[in-house]
Amino acid sequence: MFWVITTLGNTVSMFVWSIVGCVLLLRRGRRADAVVVAGAMLTGWGVMSLAKLIFGRERPPIPERLVEISSHSFPSGHATMSALLATVAIAMMLRSTTPWLHRPAVLALPVASSLVIGFSRIYLGAHWTTDVLAGWAFGTLWGLLWIYGSGAVSARNRIAAR
């Protein structure tokens, strides 16, 4: 079960979900929000990949690992990208005029998904717990940075338009 979760929660899957989200946002005329999702995901992936190279942390030992991976461990890419997507997805849901997207149970789904994905990485021995915690923290903060930045740019544009 955790192997399926970790496979569905990989970076490629997170990008597929973000592309679907961007297409839906564009179809609704929410171009600025689509830019936030795409920009956050692309830059977040780049910074996370650079961090893996800089830290160069080895993964847990092979006898305890249930998956074979050759890249560095810190921070967890699965945790980073799922937390990043969850953060921007929740912001886009809250900005939506569709009422059911504001329900707490619906808003909790991206968070629950990210948590399960991160736990799957620890269970499978692909990461140390701190790798996953750092991934969640970085992904969330990077998403919040993009959300804050987009709000600041929008406010500046409104002031300039006056």
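User: Is Arg57 buried, partly exposed or exposed?

Analyst: Arg57 is partly exposed, because its relative accessible area is 28%. Here buried means under 20% relative accessible area, exposed means over 50%, and partly exposed is in between (1.4 Å probe, protein chains only). This is a predicted model, where local features need pLDDT of at least 70 and side-chain atom pairs count only at pLDDT 80 or more, while totals for chains, interfaces and linings use all residues. Residues are numbered from 1 along each chain as its sequence is written, and side-chain values use heavy atoms, with hydrogens and water left out.

User: What does Arg57 meet in a salt bridge?

Analyst: Its partner is Asp131, at 2.9 Å from N to O. A salt bridge is a side-chain nitrogen of Lys or Arg within 4 Å of a carboxyl oxygen of Asp or Glu. The pair links distant parts of the chain, 74 residues apart: Asp131 is in helix α6 (residues 129–161), and Arg57 is in the loop between α3 and α4. Helices are DSSP runs (H or I, at least four residues), numbered from the N terminus.

User: And Asp131, buried or exposed?

Analyst: Asp131 counts as buried because its relative accessibility is 0%.

User: How many salt bridges does the structure hold?

Analyst: Three. Asp33 takes part in one with Arg30, where the closest N and O atoms are 2.8 Å apart, and in one with Arg95, where they are 2.6 Å apart. Asp33 lies in helix α3 (residues 31–55) and Arg95 in helix α4 (residues 77–95), 62 residues apart, so this pair also links distant parts of the chain.

User: Which residues end up in one network?

Analyst: Arg30, Asp33 and Arg95 are joined by salt bridges that share partners. Arg30 and Asp33 are both buried, and the relative accessible area of Asp33 is 11%. Arg95 is partly exposed, at 35%.

User: Back to α4. How many of its residues are buried?

Analyst: 16 of the 19 are buried, so α4 is largely enclosed by the rest of the structure. From first C-alpha to last, α4 reaches 27 Å, close to the 27 Å expected. The expected span is 1.5 Å times one less than the number of residues in the helix. At the start of α4, a side-chain oxygen of Ser76 comes to within 3.4 Å of the backbone nitrogen of His78.

User: What about α5, where is its kink centred?

Analyst: On Pro110, with a kink of about 30 degrees. The bend at a residue is the angle between axes fitted to the seven residues ending there and the seven starting there. Helix α5 covers residues 104–123, and its end C-alpha atoms are 28 Å apart, which agrees with the 28 Å that its 20 residues should span. Its buried residues include Val106, Leu107 and Pro110. Gly125 follows α5 and has a positive phi, near 75 degrees.

User: New topic. Which residues make the nonpolar surface patch?

Analyst: Val12, Val16, Trp17, Val20 and Leu24, over about 510 Å². One of them, Val20, lies in helix α2 (residues 11–27) and counts as partly exposed because its relative accessibility is 40%. Patches are made of residues with over 30% relative accessible area and no salt bridge; like charges are joined within 9 Å, and nonpolar side chains (Val, Leu, Ile, Met, Phe, Trp, Tyr) within 5 Å.

User: And Ser13, buried or exposed?

Analyst: Ser13, found in helix α2, counts as buried at 17% relative accessibility. Its side chain reaches the backbone oxygen of Leu8 at 3.2 Å.

How values were computed: Helix = DSSP H or I, 4+ residues; strand = E, 2+ residues; numbered from the N terminus. Areas by Shrake-Rupley, 256 points an atom, 1.4 Å probe, with all protein chains shown as cover. Polar contact = N/O pair within 3.5 Å; in protein donor to acceptor, adjacent residues only side chain to side chain.
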